[in-house]
Amino acid sequence: MTALVIRGGHLIDPAAGVDGLKDILLKDGRVAEIAGHGKLKQANGAQVLDATGLVVAPGLVDIHVHLREPGQGYKETIATGTAAAAAGGFTAVAAMPNTIPVNDSAEITRWMQAPERGAAIRVFPIGAATRGSKGEALNDFAALKSAGAVAVTDDGHPILKDNVMRETLAAAARVGLTVIQHAEDTRLTQGASMNAGPVAFRLGLRGMPTEAESGLVERDIRLVTELRDARVHLHVAHTSTAAALAAVRQARRSGLRVTCEVAPHHFLLTEEHVGMYDTNAKMNPPLRSAADRNAMVEAILDGVVDAIATDHAPHAIHEKEVEFENAPNGITGLETALGLSLRWLHHEWKMPIGRVLSLLSAQPAALLNLKGRGTLTVGSFADVVVFDPKAEWTFRARETKSKARNTPFDGWTMQGKVRWTISEGRIAYSGE
Amino acid sequence: MNSTATPVRRQFHPPPVPASPFPYNPGSLLSAGDLSLGEISHILDRATFLENQDPLVRDRTLAKRRVALLFYESSTRTRTSFELAAKGLGADTTLVSSLSSSIEKGETLKDTGLTLRALGAEAIILRHNSSGAPWLLEAETRLPVLNAGDGMHEHPTQALLDLRTMLAHLRPGVDKVNAETLAGVTVTIVGDILHSRVARSNMLLLPRLGARVLLCGPKELLPELAAQAGPGIAIEQDFNAALRQSQAVMMLRIQAERLAGLQLNLEEYKKGYQLTGQRLAEHAPTAIVMHPGPIIRGLELTAGVADGPQSVILEQVKNGVAIRMAVVERALTSAQGGRG
């Protein structure tokens, strides 16, 4: 494998505490050397990328994506989803198990990682917690882990039964896996298609109450408390309500290993963006009230939130061109996460760029124990994103690398344009 | 809300919500809230004019123009009156209903709409069981779309015909409306507010003309946030107290088809909210009694009230034809780019 030198860039590696002008040598898929500008010792013969004026950072890590394979290649494939990820600056994604069939076996977990899938960047499968994600019988977590799964979840089919969730948390802890819960008490959300409240009433749509999320988060935290096992790690997926964040905040104060992620749409958009039934504003959890949205930003700035994750959920165009109630949940997010985070969290709300990048790389990598990812110390994987932090650009859904175009951010101004994404030493994406 | 939620200390303002692009077509009637007071006056005015016009002359208004009725739900009043209205103006109409068309074979609303447009439909009248369906149809076809009831959302022509009925009794001789036309009038809407598109359209329309709208019904069918739907709307749980303040009472049917597992004790409901002759005589002896239909005698109101002297239910039906003539005419004569 050829060696690569990234020269003259501003290296920001929050996990390593590095923030300065550096040259980096990447070799054999790893970071081989880091030195002051012009001071690399072993760079002879390497391909040189000129990063003058650009930020060089650990490749981004998205711990919540839907790549739709196996089973729904018409929406997205591992190849197209990871191409979109690379274009968005991501070098690792964790793929949810709600595939067809559900990824509840070592066999499917391996299939997803096979070279034949044509992934542009590293894919880490997340295994289903229960057989067929039916919330009853636990899967073999040890087998899933040895096949490469980095966590377990039933995602869109949250585990409602106390005893099954308790067993899931305990069994996952024994093999060192995180349990991710899509916190939604589905008994409170039947037939609902947006946030409960005045907007849902006005639009004549059944609403999902915030308690459906916070109630299940509180239940899960109670189970973690009762287990009294320091290895138990509960991760709350796509937190969308102030009450759920308050519960996570409280759990952390009590010393529990409870983490959470927030999606860009939940810190930027509210239920008002549903407009007159825009199906690209339909997702689960739904867009919430202005107060909840504000609480997301506040919690991100306060450090309560451990990761920004996109919940990239591609759908075919025709699936979203239907009545709001009948449209599937979800939006794409891999190509807009960095641009929106820099534009709003950093530029508008003054979060230091290193902290924004940490939420998009170092912290999610650490959360799922992805060794050698999310940082650029010597010996780490050569997963790098190089971007122009000042460049403003407009995201166009029709230009996406994803198969899908279901995004509410079409036409939005982004900040920070990806120049190169390097996955394990290989250029996975090259922008203008 | 959870009491442990941290109070918001700082405000982080996000990008503004973009303005709605609807309606795309100036002839559309999607929401009662889309109409200006001037447009409402114009529709009322045209309804009266067309109703009184010689049918043989009126027949030339939209001679041989093509109007499609697309119905995904059963309907007696709305379908028939739209059809009579369009035919009364000389238009050719065609009815597509979900049970006797390719909709049964899985054709989407988008494709059905595009097919009707290709067949020459110049406007589509849509009744649909999903809230928001008319917005989808209008966005995809860009034709004038008349909302004939969408899910639990809106039924704007019902609100207009209700308005015409109220004006005839409470403001006789008035056919131009302004922000004070119904000042001093209280209209109570009773029953299944949660699932009612008639309630939502009236809540959008009546307060803009100065009326006060009282909502009355059991908690399961009347969420508190209904009062936040707009100005001039309040909740009064006590039916008798609401009646005593009202010049018009609008009774709603319990929408069994939309209860979605909600358990309702009908005997309790009748005790609290059935409009009986005695209740009416005691608390609202001069109010008009309205109902969008279909009525269920013996449930939301007694047969005696339905057939009694204060009932204007059949007048509402009759006004439906006049109002719908006016909105069908508006659909096919509003120039693209300018609002009629």
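The model is predicted, and chain B averages a pLDDT of 93, with 96% of the residues scoring at least 70. Over residues 336–340 of chain B, however, the pLDDT is below 50, although this stretch has 8 contacts in the model beyond near neighbours in sequence. Where pLDDT is low, predicted coordinates should not be read in detail. For the complex, the predictor gives an ipTM of 0.94 and a pTM of 0.95.

**Contact between chains A and B**

- The two chains meet through 33 residues of chain A, which are in contact with 33 residues of chain B.
- On the side of chain A that touches chain B, at least two residues each are supplied by α5 (198–203), α7 (242–253) and α9 (290–302) of chain A, and the largest share, 6 residues, comes from α9(A).
- Sorted by class, the side of chain A that touches chain B consists of 16 nonpolar, 9 polar and 8 charged residues.

**Domains of chain A**

- Chain A is divided into domain 1, which covers 4–56 + 381–430, and domain 2, which covers 60–367; taken over C-alpha atoms, the centres of domain 1 of chain A and domain 2 of chain A are separated by 26 Å.
- The contact between these domains takes 29 residues from domain 1 of chain A and 46 residues from domain 2 of chain A.
- The strands β17 (384–394), β18 (413–423) and β19 (426–430) of chain A each supply at least two residues of the side of domain 1 of chain A that touches domain 2 of chain A, and β18(A) gives the most to that side, with 7 residues.
- By class, the side of domain 1 of chain A that touches domain 2 of chain A holds 14 nonpolar, 9 polar and 6 charged residues.

**Domains of chain B**

- Chain B is likewise divided into domain 1 (32–154 + 320–330) and domain 2 (156–317), and the C-alpha centres of domain 1 of chain B and domain 2 of chain B lie 25 Å apart.
- Their contact takes 24 residues from domain 1 of chain B and 23 residues from domain 2 of chain B.
- Two or more residues of the side of domain 1 of chain B that touches domain 2 of chain B come from each of α1 (37–52), β4 and α12 of chain B, with α1(B) giving the most, 8 residues.
- The class make-up of the side of domain 1 of chain B that touches domain 2 of chain B is 10 nonpolar, 9 polar and 5 charged residues.

**Helix α3 of chain B**

- Helix α3 of chain B (residues 77–88) has 12 residues and, at 1.5 Å a residue, should span 16 Å, which agrees with the 16 Å between its end C-alpha atoms.
- The buried residues of α3(B) are B:T78, B:S81, B:F82, B:E83, B:A85, B:A86 and B:G88, and what covers them includes α2 (55–58), β1 (66–71), β2 (92–97), β3 (123–128), β4 (145–150) and α12 (313–333) of chain B.
- Just after α3(B), B:G90 takes a positive phi of about 95°.

**Nonpolar core**

- The largest nonpolar core has 239 residues, of which A:V152, B:I124, B:I125 and B:V249 touch the most other members.
- Leaving aside neighbours within four places in sequence, B:I125 is in contact with B:V67, B:A68, B:L69, B:L70, B:F82, B:L146 and B:A148; among these, B:F82 is also one of the buried residues of α3(B).
- In soluble globular proteins, nonpolar side chains tend to be buried together.

Technical notes
Residues numbered from 1 in each chain as written. Chains lettered and ligands numbered in written order. Predicted model: local features only at pLDDT ≥ 70, side-chain atom pairs only at ≥ 80, totals over all residues. Core = buried A, V, L, I, M, F, W, Y, C linked by C-beta atoms within 7 Å. Buried ≥ 20, exposed ≤ 12 C-beta atoms within 10 Å, placed from the backbone. Contact = placed C-beta atoms within 7 Å. pLDDT = per-residue confidence, 0-100. Helix = DSSP H or I, 4+ residues; strand = E, 2+ residues; numbered from the N terminus. Nonpolar A, V, L, I, M, F, W, Y, C, P; charged D, E, K, R; others polar. Expected span 1.5 Å × (residues − 1). Domains from an automatic or database assignment.
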